[in-house]
Amino acid sequence: MISSSHYLPYLAPEILLTVWAMALLLAEAFFSLSARTVSRLALGGIVAIAVLTLFFDVTPTTPLSFWGGLCKWDGAAKFFHLFFLAVAALVIWMGDEVQEPVSHGGEFAIMPLFTTVGLMLLASANDFMVLFVALELVTISFYILVAYQHRSLVALEAGVKYLILGALSSAFLVMGIAYIFGMTGTTHFDAITRMYHYNPTPLSVGLGFGLLLVLVGVGFKIAMVPFHIWAPDVYEGAPNSITAFLSVGSKAGGFIILMRIVLVVFTGSGAVETWFPILYVGAILSLLLGNLAAIPQRNLKRLLGYSSIGHSGFILVAVIGSSVNLPGRPGLIPTDTTGQIAVSVYLVTYLLATFTAFIVLAVLNRRLAGLEIHHLAGLSQRSPLLAAAFALALISMAGVPPMSGFIAKALVILVAWNRHLYLLLFFTLFAAVAALYYYLGPIKAMYWSEPLDETPIRVSRPTAVVLSILMFLLVVTGFWAQSISATVTGSSLAQTDSPAPTHVVDGTPPSVSPALARH
């Protein structure tokens, strides 16, 4: 058995970020640090941990299990660690530099650190218990952040809705985990995989019901229809930086959970027959409702909220197409990771476009009378930079070439075509066309409407620099698709291909008894 000290480097990002967040909480309390100082210290910690994570080598085909097999380090874990750190850095920077006028202390910059710890732990989770604890850390942090503007009735309403529905989704999730444990005798991903990876028989009723409950809980996190009802109201009421965090960070966290469950744990042909129709219908409903319900929206944050539901539908298509055992369709060789790459590419492009859009909205929230579409009238004359940034973000979300969003949607369409998912392909194309209508509305107001107020809107130099970098990446990654491919290279999930356990450091995964394997 290898010494336990050898796995500590792979938990270092979570450990160091937790220690740093607690140190900042104590420092703010005892040394009266200003909110800006705390924000800058938090950003410095994130950058240092991201650099550390970059040096962790990984071979995706031979994942490293550690901490008694409860966690796994593979290509997907490393990619999502860096992804969540990038998201947290942008969120904290927004809260410090461009946040709407709200009195807040340093804890507003510290709470996202705890959220990020939970998200990174989700990316490495190899056991349902670790998954649940990490997910609750993320959810509880968001409860606080969503309702942080406690003097605003809209924010309080959003916080209450998110709290109630979040607690309900957690109840579904933990009940599903209980059913899975009751039917298999373990919560360990590798152990469950070895039971059902080569088993063509359908799951038992109890196990199938447990998987259904888990998918309900995860569906809330990714705003999949019909578990989407919270998204528009919470997006509208939360601070802009937290809305962006929910839109990108929480969604990515939900999808890494979903991929681990359906592409690694329950990937056998018998198990696929249980989850395939659920995700199939959820993808279609998300594509339809998300994009059609966004059309009549006049509030920009609600529009982006419904748009986020539609984007979940696109990513679900890629997740479904990643399975090696789709019923009634040609098998997929295990080395073909096109679907998983499509998920990673979509999340990267969505991150760039979403944060560009919400940085603009955070600036405008302090300058305009509201965030309705008509308030954008003539913005190109008042602030060419803000108008250009918001227009490029919306064009990328719409999937118009040559923006990076086009590459992402093209990959999803390619996955659906290659896996003969023709009905999903039809709804994907329909949703992409429908999205053009509501995304072009704000652009029309900015460039072809007379301004309600001709006073120029000035943008601080740091904000202008960050927006310029994001705009550059939105355009360059569209023209140079290989740049995105290089970013997500090696981000696929490592499989448990044989009954032999993966290499385990400091402990072994639970053994699987023949009796349990017959369930």
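Which residues does L203 touch, not counting residues up to four places away in sequence? They are Y196, G208, L211, F266, G270, A271 and T274. The model described here is a predicted one. Its chain has 519 residues, of which 61% count as buried, and its secondary structure comes to 20 helices and two strands. Among contacts between residues at least 6 apart in sequence, 82% join residues at least 24 apart.

**The nonpolar core**

- The largest nonpolar core holds 175 residues, and the members that touch the most other members are F80, L258, F266 and F355.
- Helix α13, which runs over residues 338–364, gives this core its largest share, namely 19 residues.
- Leaving out residues up to four places away in sequence, L258 is in contact with L215, V218, I222, L263, L279, L316 and V319.

- L203 sits in the loop between α7 (189–196) and α8, and it counts as buried because its relative accessible area is 12%, which is under 20%.
- The C-alpha atoms of L203 and E273 lie 8.4 Å apart in space, although the two residues are 70 residues apart in sequence.
- Among the residues that L203 touches is F266, which is also one of the core members with the most contacts to other members.
- L90 belongs to helix α3, residues 75–97, and its relative accessibility of 16% is the reason why it counts as buried.
- Apart from residues up to four places away in sequence, L90 touches L351 and F355, and F355 is another of the core members that touch the most other members.
- L90 and V466 are 376 residues apart along the chain, yet their C-alpha atoms are separated by 9.4 Å.

- The side chains of N291 and Y438 are joined by a polar contact of 2.7 Å.
- Setting aside residues up to four places away in sequence, N291 touches S286, G310, F314, A431, A434, A435 and Y438.
- H311 is found in helix α12, residues 300–321, and it counts as buried because its relative accessibility is 4%.
- Beyond its neighbours within four places in sequence, H311 is in contact with Y346, Y350, M397, K409 and Y439.

**Backbone features in the loops**

- A cis peptide bond, with omega near 10 degrees, leads from V225 to P226, and P226 is placed in the loop between α8 (205–221) and α9.
- The loop between α8 and α9 also holds A223, a residue other than glycine whose phi has a positive value near 55 degrees.
- A223 has a relative accessibility of 2%, so it counts as buried.
- The peptide bond from P401 to P402 is likewise cis, with omega near 10 degrees, and P402 lies in the loop between α15 (384–398) and α16 (404–418).
- H420 is found in the loop between α16 and α17 (422–448), where its phi is positive at about 60 degrees although it is not a glycine.

- The space in the second largest pocket amounts to about 250 Å³.
- Its lining is made up of 15 residues, and those that lie nearest the centre of the pocket are E236, A238, K301, N365 and L371.
- By class, this lining has four nonpolar, seven polar and four charged residues.
- Two helices, α6 (153–184) and α9 (231–237), each supply at least two residues of the lining.

How values were computed:
Residues are numbered from 1 along each chain as its sequence is written. This is a predicted model: local features need pLDDT of at least 70, side-chain atom pairs count only at pLDDT 80 or more; totals for chains, interfaces and linings use all residues. Side-chain values use heavy atoms; hydrogens and water are left out. On a 1 Å grid over the protein atoms alone, a cavity is a set of points where a 1.4 Å probe fits but cannot get out, and a pocket is an open set with protein on both sides within 12 Å along at least five of seven lines; lining residues have an atom within 4 Å of a point. Grid points are joined across faces, edges and corners, and a volume is the space filled by probe spheres set on the points. Helices (H or I, at least four residues) and strands (E, at least two) are DSSP runs, numbered from the N terminus. Ala, Val, Leu, Ile, Met, Phe, Trp, Tyr, Cys and Pro count as nonpolar, Asp, Glu, Lys and Arg as charged, and the others, Gly among them, as polar. Buried means under 20% relative accessible area, exposed over 50%, partly exposed in between (1.4 Å probe, protein chains only). Contact means heavy atoms within 4.5 Å. A polar contact is a pair of N or O atoms within 3.5 Å; within protein, one must be able to donate a hydrogen and the other to accept it, and residues adjacent in sequence count only if both atoms are side-chain atoms. A nonpolar core is a set of buried Ala, Val, Leu, Ile, Met, Phe, Trp, Tyr and Cys residues joined through side-chain atoms within 4.5 Å.
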